[in-house]
Amino acid sequence: MPGKNLTRDEARQRADSLDVRAYTVELDLTGDGPTFRSTTVVGFAAHSSAGPVFLDLIAPEVIELTLNGRNLDPATHFDGVRINLPEVAPDNTLRVVANCAYMNTGEGLHRFIDPVDKGTYLYTQFEVADARRVFACFDQPDLKATFQLTVLAPHDWAVFSNAITPEPRPVSGRVDAAAWAFEATPPVSTYITALVAGAYHVQRDVYRRGEVEIPMAVACRASLAEHLDAAEIFDVTKRGFDFFLELFAQPYPFTKYDQLFVPEYNAGAMENAGCVTILEDYVFRSKVTDATYERRAETILHELAHMWFGDLVTMRWWDDLWLNESFATYVSVLAQAESTVDERLDHVRERGEDLGLPSGPVAVHPPDRGRHQGSGRRRGELRRDHLRQGRLGAQAAGGLGGPGQLLRGDPALLHPTRMGEHHAGRPARLPRGDLRSRPE
Ligand SMILES: [Zn+2]
């Protein structure tokens, strides 16, 4: 028996014996104490072979456990990490009321108080296996279910989750609070469900392509609002949508696309379904290099690629995370090279012969805002690096038969849960250090 962590064998056994249908989760974030109230109703079917079943939940306290209308004693069924159900029926409804802990480690529901203006900022980070710090669940990637979230929070907050933010409703008897009842998601893994809430500064746009309309938002804490270059972020995102909708030939799987820049973030970014969180360092507070803009664009495109490959199609277990990540990086670089060309640099390509460079795509470049301060010579060198990247991407695509063939040659590859069947080696360990090396 391991400590807190689920093993792969346990996850396989659970996936073989259960079908999880739906989570309905209500979180009360109106208090400023160390915990928040979490109420989960989960519906699941158990096969006849299922023995004892357990759910994952890390919480200081479980207040109520009700299985199929029958109360269970939390003292005997909850050990701080798991909810143990010795007997289950073919069809089950479990209700769990718990007090869960706000975190300051970037795992579960992180709470940050801005020292500038005392604004409160919350966001979730659930990969790997930290959804269980916020709601009772089967916290493994291959047990997908619909996720319907209701949030009680101060009425003047901005609240984001995996579905379009609804109009908040008043809460009777609580003048300072409001309730946001989100639509249910399609079936998703627990690790890509998300909540971002607080005094966030928000800017909005819409991606349009034919009949398709995808509402988008970017947000950061209010004290950084003046530095948020939303137009550039939306521009890269729209180019990414153009590219990936064409490449994958699959509709965007969710109803909107929000990108939230969050404080005290451990990773580079996280591909929560339609609700991407991104390292706040990517809101640039002073001039940065072209290379840093490019890294941010790659991160934006990497997370967008995950909406299809990772979120729609998902690995069975974490030992296939390498494929999830390497594919997202591969197609994000491809998108950079092929669809985020800065047209105003065409003259550089035209001068390619002068510089001894091949013609071809130039990797990403957000619109110039006075950042090209270097000499012509230095710009030429930068372009040479980009062209080298583009050639490497093209070679990789050729080796795999090209991205279109890679995907369309096997349509089943884009079927949920199939990804875990594609093994091809082990991932290299990620170095730590700069922005680029952070997990995305
Ligand atoms: Zn990633």
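The legends below describe close-up views of a predicted model. Residues are numbered from 1 along each chain as its sequence is written. In this predicted model, local features need pLDDT of at least 70 and side-chain atom pairs count only at pLDDT 80 or more, while totals for chains, interfaces and linings use all residues.

**View 1. An open sheet of eight strands.**
The strand order is E5-E4-E7-E2-E1-E10-E13-E12, with mixed pairing. Strands (E, at least two residues) and helices (H or I, at least four) are DSSP runs, numbered from the N terminus. Two strands pair if DSSP finds at least two bridges between them. Strand E5 (70–72) and strand E12 (169–171) are the edges; each has a single partner strand, so one side of each lacks a neighbour in the sheet. From one strand to the next, the twist averages 20°. Axes here are lines fitted to C-alpha atoms, for helices over the stretch in contact; angles run from 0 to 180 degrees between N-to-C directions.

**View 2**
Pro170 has Ala178 in E13 as its bridge partner.

**View 3. Strand E16 with E15 and E17.**
Strand E15 (residues 200–209) pairs with E16 in the antiparallel sense over 10 bridges. Arg204 faces Ala217 of E16. The two strands form a hairpin with two residues between them, and Gly210 in the turn has a positive phi of about 60°. E16 pairs with strand E17 (residues 257–262) in the parallel sense, over four bridges. Here Ala219 stands opposite Leu260 of E17. Seven of the 10 residues of E16 (residues 212–221) are buried, so the strand is largely enclosed by the rest of the structure. A residue is buried if 20 or more other C-beta atoms lie within 10 Å of its own, exposed if 12 or fewer, and partly exposed in between; C-beta atoms are placed from the backbone.

**View 4. Helix H3 between E16 and E17.**
E16, helix H3 (residues 230–248) and E17 make a left-handed β-α-β unit. A crossover is right-handed if, with the strands pointing away from the viewer, the path from the first strand over the helix to the second runs clockwise. H3 has 19 residues and reaches 26 Å from first C-alpha to last, close to the expected 27 Å. Expected span is 1.5 Å times one less than the number of residues. Buried residues of H3 include Phe234, Arg239, Phe241 and Phe244. Ala249 follows H3.

**View 5. Helices H4 and H5.**
The two helices pack at about 125°, with axes 8 Å apart. They are therefore oblique: angles under 35 degrees count as roughly parallel, over 145 as roughly antiparallel, 65 to 115 as roughly perpendicular, and the rest as oblique. In H4 (residues 290–306), 14 of 17 residues are buried. Among the buried residues of H5 are Asn324, Phe327 and Leu334.

**View 6. Backbone exceptions in loops.**
Most residues other than glycine have a negative phi, and most peptide bonds are trans. The Glu127 to Val128 peptide bond is cis, with omega near 0°. Val128 lies in the loop between strand E9 (120–125) and strand E10 (146–154). Lys118 has a positive phi, near 65°. Lys118 sits in the loop between strand E8 (108–113) and E9, and is exposed, with 8 other C-beta atoms within 10 Å. Ala249 has a positive phi, near 50°. Ala249 is in the loop between H3 and E17, exposed with 12 other C-beta atoms within 10 Å.
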